Amino acid sequence: MINQKRRFFRIIIGGTIFVVALVAGFENSLLNLALYFIAYLIVGGDVVLRALRNIARLQVFDENFLMFIATVGAFLIGEYPEAVGVMLFYQIGELFQDYAVDKSRKSIAELMNIRPDYANVKRNGEIITVDPDDVLIGEEIVIRPGERIPLDGVVVEGSSMLDTSSLTGEAVPREVLAGRNILSGCINISGLLTARVTKEFGDSTVSKILDLVENATAKKSKSENFITKFARYYTPAVVILAVMLAFIPPFTFSEEPLTEWIFRALTFLVISCPCALVISVPLSFFGGIGGASRHGILVKGGNY
């Protein structure tokens, strides 16, 4: 959330300076350049730093590198608004992406709140509170009204209404009596229940759901795996083509100046940047999983 706020304020401040430079159109070119450069550093400073850091680590070809060389080139040929505009719109896109991811993470985290914190176990004639992991199959547990059922079991005594919405999405409470099965993660609404444990916590319903949610984003779809491999080869190919576009035509068959072809090569770099493709595909799956989680629906991963 802090990063989102910082990014938002940088967009507002940098965007304001950018608009002032565009509207004012100062006759002093140095003043114009200074305003654009300040706006550029505010909105795109982190991209430049990441690009330089990756270059130092010999991890050159990514969207940061493409945007860095494209915007620096735009400054060199005097197209200041284009340089700032690219960074500004990129940051706006990143802001929306962060917001979507944050909402999805919160939805998934809410679904994971079904984990019980304790279990009331009958041992040696008394009821003691222990961690659900420490309860054995066959032991009896007591679930008081308002408590979450810690482990799967069979009711041996008592009757009550259960809130099963966290597992099934069903809003209507379900009645349970002696002999009925109960699932961990449900909430006991009214009566006192005593149940015999039928599964250890690691094999219980709530534990399996939590494991599925925690590993949901790790199970990538074929589309996501393809995009990852695609970007690895696509980015260097784009850079090589841009270099060829900048220098081959003006020195062979074209009468147009070198600066014109460099501008076209830089434009080609910007529009060919794969960040939108690389980000949008996994973000779509992640957003879908998070949106479903908000409604209590679990999707085990993008491949499902």
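Six strands of the protein chain build an open sheet in the order β2-β1-β3-β9-β4-β7, and the pairing is antiparallel. Here, two strands pair if DSSP finds at least two bridges between them. The edges are taken by β2 (126-130) and β7 (181-182), each with a single partner strand, so one side of each is left without a neighbour in the sheet. Helices (H or I, at least four residues) and strands (E, at least two) are DSSP runs, numbered from the N terminus.

The model is predicted, so local features need pLDDT of at least 70 and side-chain atom pairs count only at pLDDT 80 or more, while totals for chains, interfaces and linings use all residues. Residues are numbered from 1 along each chain as its sequence is written, and side-chain values use heavy atoms, with hydrogens and water left out.

β1 and β2 form a hairpin with 2 residues between them, and asparagine 124 in the turn has a positive phi of about 55°. β1 is also linked to strand β3 (residues 140-143), again antiparallel, through 2 bridges, where valine 121 has isoleucine 141 in β3 as its bridge partner. Further along the sheet, 4 bridges connect strand β4 (residues 153-157) with strand β9 (residues 193-197), and these strands run antiparallel. In that pair, glutamate 157 stands opposite threonine 194 in β9.

The loop between β9 and α6 (205-214) holds aspartate 203. This residue is partly exposed, with a relative accessible area of 43%, where buried means under 20%, exposed over 50% and partly exposed in between (1.4 Å probe, protein chains only). Aspartate 203 and aspartate 152 lie 51 residues apart in sequence, and their C-alpha atoms are 8.8 Å apart in space.

Turning to the helices, the axes of α2 (residues 29-56) and α3 (residues 63-76) come within 8 Å and cross at roughly 145°. Axes are lines fitted to C-alpha atoms, for helices over the stretch in contact, and angles run from 0 to 180 degrees between N-to-C directions. This α2 and α3 crossing is left-handed, the term used if the near helix is turned anticlockwise from the far one by less than a right angle, and right-handed if clockwise. Contact means heavy atoms within 4.5 Å; among the residues meeting on this basis are Leu33, Tyr36 and Phe37 in α2 and Phe65, Met67 and Phe68 in α3. The residues of the contact of α2 with α3 divide into 14 nonpolar, 3 polar and 1 charged. In this grouping, Ala, Val, Leu, Ile, Met, Phe, Trp, Tyr, Cys and Pro count as nonpolar, Asp, Glu, Lys and Arg as charged, and the others, Gly among them, as polar.

Helix α3 also packs with α8 (residues 258-272), at an angle of about 150° and with axes 9 Å apart. The crossing of α3 with α8 is left-handed. Leu66, Ile69, Ala70, Gly73 and Ala74 in α3 meet Leu266, Leu269 and Val270 in α8, a contact with 7 nonpolar residues, 1 polar and no charged.

For the protein chain as a whole, there are 9 helices and 9 strands, and 39% of the 304 residues are buried.
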